[in-house]
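Here is a short report on one protein chain. Look through the structure, then read on.

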Amino acid sequence: MQTTSSQPHGLEPQTGIAPPTPPSAAMPESPVSGPAGVAFFDFDGTLIHGDSLPMFVGEVIGRRRAALALADAIRSALHRHVRGRGPGCDFPGSVKAIYLKRTLRGLPVADASAAAERMVPRVRWHQPMLDVLKEHRRQGRRVVIATGALDLYMPALLRGLEVDDLLATGMEVVDGRLTGRLSTANCVRLDKAERVTGWIAGHGPVAATWGYGNHPSDLPMLALMHKGEVVRIRRRSNHR
């Protein structure tokens, strides 16, 4: 569901990720004074294998029903975009909006939290990127996860990783139940870059920024960084 895009100059694809180097070796010295720096990480396809949203929906309504609902959302979004009536700002956004409305509308927040806990042992972590995240922490840098995944389940999945902040896609809640609509912008592509820009403006100054994400959806965010790396996960990787 992603469109192709050219890779910005200076972003190198990474499959075997090496630990981050100090700012003086990794990039020109920043003129901005402040703390040691901030590392921004995408989640789906960067810190973990695959997409967490279908996994979450599968825990809510069953894996088979979730797969069928996703296929139906893709068909519906295609028909709507042909008529110029897609509910999202682009085709993937429309698929997501339709999928969420059809699968999560009316779900009690307590049930969403329980589904998030059931997800925890199922997530397949990308160990090289976990090592990079932990190395940034050891070097005293802040760590922020910037993801299109839902704020309903991300806190459970990130538990124990010493993450400083989470920029995720919010879901609207009324009277303790999900409406199926978003309460924030979909935190992907340009919207993610805007969220990251806002975070830096609100928490700066920062001495340096690192970014890790996949191609092409995270290129707008990575272009903001002093050092941005495109992550491509190999088929076989250690779990957390």
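Over residues 21-34, pLDDT stays under 50. For this stretch the model has 25 contacts beyond four places in sequence. This is a predicted model, so caution applies: where pLDDT is low, the predicted coordinates should not be read in detail.

The chain as a whole averages a pLDDT of 85. A score of at least 70 is reached by 81% of the residues. Residues 1-18, however, have a pLDDT below 50. The model gives that stretch 46 contacts beyond near neighbours in sequence.

In soluble globular proteins, nonpolar side chains tend to be buried together. The largest nonpolar core here has 47 residues. Which of them have the most contacts inside it? They are Phe-41, Phe-56 and Tyr-153.

Take Phe-41. Leaving aside residues up to four places away in sequence, Phe-41 touches Leu-47, Met-129, Val-132, Leu-133, His-136, Val-143, Val-144, Ile-145, Ala-146 and Tyr-212. There is also a second, separate core of 14 residues. Its members include Val-38, Leu-167, Val-196 and Met-225.

## A pair of packed helices

Helix α2 spans residues 52-61, and helix α5 spans residues 109-119. The two pack at an angle of about 120 degrees. Their axes lie 9 Å apart. The crossing of α2 and α5 is right-handed.

Which residues make the contact? From α2 come Ser-52, Met-55, Phe-56, Glu-59 and Val-60. From α5 come Ala-112, Ala-115, Ala-116, Arg-118 and Met-119. Seven residues of this contact are nonpolar, one is polar and two are charged. Phe-56 of α2 is also among the residues with the most contacts inside the largest nonpolar core.

Methods
Residues are numbered from 1 along each chain as its sequence is written. This is a predicted model: local features need pLDDT of at least 70, side-chain atom pairs count only at pLDDT 80 or more; totals for chains, interfaces and linings use all residues. Side-chain values use heavy atoms; hydrogens and water are left out. Axes are lines fitted to C-alpha atoms, for helices over the stretch in contact, and angles run from 0 to 180 degrees between N-to-C directions. Helices (H or I, at least four residues) and strands (E, at least two) are DSSP runs, numbered from the N terminus. A crossing is left-handed if the near helix is turned anticlockwise from the far one by less than a right angle, and right-handed if clockwise. Contact means heavy atoms within 4.5 Å. Ala, Val, Leu, Ile, Met, Phe, Trp, Tyr, Cys and Pro count as nonpolar, Asp, Glu, Lys and Arg as charged, and the others, Gly among them, as polar. A nonpolar core is a set of buried Ala, Val, Leu, Ile, Met, Phe, Trp, Tyr and Cys residues joined through side-chain atoms within 4.5 Å. Buried means under 20% relative accessible area, exposed over 50%, partly exposed in between (1.4 Å probe, protein chains only). pLDDT is the predictor's confidence in each residue, from 0 to 100.
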